[in-house]
Each structure stands twice: as structure tokens, then as C-alpha cells.
Amino acid sequence: MEIVMDNLKTLGFNDGTLSQKSFEVRNVKLFEKIIYFLISAIDSQRIETWPVLSRKDELPFRKEVIEFFKDLDQPSMSAFDVSTLLPNPSGFKCHWFLLTFTKFVLETLIQRSQPQWQKVPLVDLGKTDAIMEKKLMVLAQFHESQILSNFAFYDEEIKKSNSFYQQLMKEHKHLLKERDLANRNSATEGRNVQGAKCSRAKSKGEMSKGRNVQGAKCPRGEMRRGEMSKGRNAKGRNVL
């Protein structure tokens, strides 16, 4: 997006809302401004439906833009479906489109500023060769700088993507560790609770068993003492 911003600035586009993050999300209003500016730089009379002030103005404007690109018949622009970009300008496709279109507008204006490049007199072969050589040299330098800039841009984007992916994987691993730790803690608490229940149940069982044993012993002792007392009383009556 940085190259797009540089190209637009070179062409004279000034908008305080334009930034490197402008089209990370859908931004229809800014995209419409840029499209109108770029088309007008090539053909100032082409778009008659500007400005777009309301929703009902969007459709006529989009129709004119689509017709412009159909009539343009430019191979570098034929790969883009402008009809889908106009309602949803965001992401990589939007960046690539703006990069390609701003480059095309710059090339067109450079060629127009040098009319001798468009119509070279065929009678003067020496002059023709000199002009062609100059033209090729300038174009080669221009394309070389653009290619290098593009490589730098995509290299930076790849680095950002790799960094984001690595950060995402770190967060994923961290979440997995937290989940495993939570599961282990939950399992440990479950075992502790179950052990405590078993211990309480065992203690209650032993206490109940002790009471039963004691209760069973007591009646037998009392019975024996009662029988002995009865025996003594009976013996005492016999003596009398």
C-alpha cells in the first residue's frame, strides 16, 4: 500500500484519510474518490456522475467506471473485475488493483508529456534511433524502479504474514497448554473429592460397626448379671 500512496501523491492526490491500513477493511467512499481521480487524470470528461452523494448515485457512477475499463482495453487491467471491487474494495485484490492502475496512469501521463515518443518521424532514421534509445532507457529505468519497489513491497508483506502466523501459533500453543493444565487440575480435584467422600464413608462405617458391637455386648452382660441375681435370690429363699 505504501507504493500506491507514493504513486497517488506523485499524481497529486491528497486525502487525509488515506493510509497504509485504508483498505484492510471495506472502504467504499475512499475507493470511489481514488477511482474518480485516476480516471479523470487520463480523461477529465469521462465521468459525469461525480460526486456520489447518496446511495442512489452509486449505481450510475459504477456503470460509468465499468464502461471506462471495458473501453480501456489494457492488458494489465484486464485481470481485474472492477464490478466486484467497487462494492467491496478491501484486501490484497484491492491493493494490487490500485498498484496496477496507478502505475498505468503514471505511464500514460509520462508518455503524454513526451509527444515525440508517440509519433516519431520515419524520415529521419538517425533521430528516430536516438529517440527510441532514450525512450527505452527511460522506460527501462522506470520499470526497474517499479519492479524493485514491488519486490520490496511484497517481501515486506510476506514478512508481516510470517510474523503474524508465528504469533498466532504461539498463542495457539499457549491456549493448548492452558487447556491441558485446566484439565489436569480438574481431574486432580475430582480425585481429591472422591477420596474425601470415600474416607468419610469409611469412617462412618467403622463408627456404626463399633456401636453395633458395643450394643451387642451390653445386653449379654446385663442378661448374665440378671440371671446371677435371680439365682442368689432363689438360694436365699430356700435357706429360709
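Among contacts in the protein chain between residues at least 6 apart in sequence, what percentage join residues at least 24 apart? The answer is 58%, where a contact means heavy atoms within 4.5 Å. This is a predicted model, in which local features need pLDDT of at least 70 and side-chain atom pairs count only at pLDDT 80 or more, while totals for chains, interfaces and linings use all residues. Residues are numbered from 1 along each chain as its sequence is written, and side-chain values use heavy atoms, with hydrogens and water left out.

On to the overall layout. The protein chain has 6 helices and 0 strands, and reading along the sequence gives the pattern α-α-α-α-α-α. Helices (H or I, at least four residues) and strands (E, at least two) are DSSP runs, numbered from the N terminus. Of the 240 residues in the chain, 25% count as buried; buried means under 20% relative accessible area, exposed over 50%, and partly exposed in between (1.4 Å probe, protein chains only). The chain exposes about 17500 Å², and carbon and sulfur atoms supply 56% of that. Such areas come from the Shrake-Rupley method with a 1.4 Å probe, and for residues only the protein chains shown count as cover.

Next comes the inside. The largest nonpolar core has 35 residues, and those with the most contacts inside it are F31, I34, V65, F69, F97 and F101. A nonpolar core is a set of buried Ala, Val, Leu, Ile, Met, Phe, Trp, Tyr and Cys residues joined through side-chain atoms within 4.5 Å. Two or more core residues come from each of α1 (2-11), α2 (28-42), α3 (55-72), α4 (82-85) and α5 (91-113), with α5 giving the largest share, 8 residues. Leaving out residues up to four places away in sequence, F97 touches F31, I35, F69, M77, F80, V82 and L85. Another residue to look at is W96, which sits in helix α5. W96 counts as partly exposed because its relative accessibility is 33%. The C-alpha atoms of W96 and M1 are 8.6 Å apart, although 95 residues separate the two along the chain.

Now for the charged side chains. Across the whole structure there are 6 salt bridges, each being a side-chain nitrogen of Lys or Arg within 4 Å of a carboxyl oxygen of Asp or Glu. One of them joins E58 and R62 (3.4 Å, N to O), two residues of helix α3 that are 4 residues apart, about one turn of the helix. E58 is buried because its relative accessibility is 10%, and R62 is buried too, at 18%. R55, E58 and R62 are linked in a network of salt bridges. Also in helix α3, K70 and E67 are 3 residues apart, and their salt bridge has its closest N and O atoms 4.0 Å apart. Here K70 counts as exposed at 58% relative accessibility, whereas E67 is partly exposed at 38%.

A polar atom of the E64 side chain does lie 2.9 Å from the backbone nitrogen of E48. Setting aside neighbours within four places in sequence, E64 is in contact with R46, I47, E48 and T49.

Note on methods: A polar contact is a pair of N or O atoms within 3.5 Å; within protein, one must be able to donate a hydrogen and the other to accept it, and residues adjacent in sequence count only if both atoms are side-chain atoms.
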